[in-house]
Amino acid sequence: MSPAQTLPCLDFGRVYRHLLEEYGPQGWWPADSPFEVMIGAVLTQNTAWRNVESAIRNLLQADLLSAEAILATPDDTLADLLRPSGYFNVKARRLKNLCRYISKTGYRETFDIPTGELRQALLGINGIGPETADDILLYAYERPVFVIDAYTRRFFSRLGLVSGNEGYEILRNRFETSLDATAAIYNEYHALIVWHGKEFCRSKPLCEGCTLRTTCGYAKK
DNA sequence: CGCCAGGGCCTCA
DNA sequence: TGAGGCCATGGC
């Protein structure tokens, strides 16, 4: 733990270095394979990660960690395994939509698709929106895209770096142009934001003890 | 008990 | 293109 530092002129890069120094590398995403990352990205939509974990355990136990195995499972059976993650009927459908694309293209082959093209393909799948697509691109395919999720919006808007209600692409663009980085750095940065968001920058924030409170506009109000 | 959690789709102006 | 309704479980 470093002593209280001040961040005289907040910018995306400075905040990153501060969080990294404070918390250390996170080594994300919490999964054992790229395919499991993709599953998790769909299941975590508007859902606590804890609940996603138990749904993934169910899939693992049922030996359903491949696109073909999932596609061969009846909808209601799959939905039942996904129950702990919530929205289980919707997610069963979305998971199969993703698996249809993976299986049709060939799992291995998808890793050779250029980022822009792959992103468009993912966004074309019903149930895969911008955040889920970018989770998959960054954490399963290791492409240099930054993920804008609820933690990211809340964090940077409280810091005063964005207003928070900008459109997804606006925020992503602003972020990626002001911090031109590698996939490894975007990976760490987003993971650090999520950790910080769970520990301190919750929807009901715990500003005392927050390493950024001296410069965060929200904590000082 | 109510609130919240690593969204996205559909509908209707 | 933007707001509102909807999907649903589990922890606190």
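The following conversation sets computed values of this predicted model against the definitions of the terms.

Visitor: What makes N126 a residue with a polar contact to DNA strand B?

Guide: A polar contact is a pair of N or O atoms within 3.5 Å. A polar side-chain atom of N126 lies 3.2 Å from a phosphate oxygen of DNA strand B, so the pair meets the definition.

Visitor: Which part of P130 approaches a phosphate oxygen of DNA strand B?

Guide: A polar backbone atom of P130 does, at 3.5 Å.

Visitor: Which helix gives the most to the surface near DNA strand B?

Guide: That helix is α9, with 4 residues. Helices α10 and α12 each supply at least two residues of this surface.

Visitor: How do you know that the span of helix α1 agrees with its number of residues?

Guide: The expected span is 1.5 Å times one less than the number of residues. For the 12 residues of α1 this gives 16 Å, and the end C-alpha atoms are 16 Å apart, so the two values agree.

Visitor: What caps the N-terminal end of α1?

Guide: D11 does, with a side-chain oxygen 2.8 Å from the backbone nitrogen of G13.

Key
Residues numbered from 1 in each chain as written. Chains lettered and ligands numbered in written order. Predicted model: local features only at pLDDT ≥ 70, side-chain atom pairs only at ≥ 80, totals over all residues. Heavy atoms only, no water. Polar contact = N/O pair within 3.5 Å; in protein donor to acceptor, adjacent residues only side chain to side chain.
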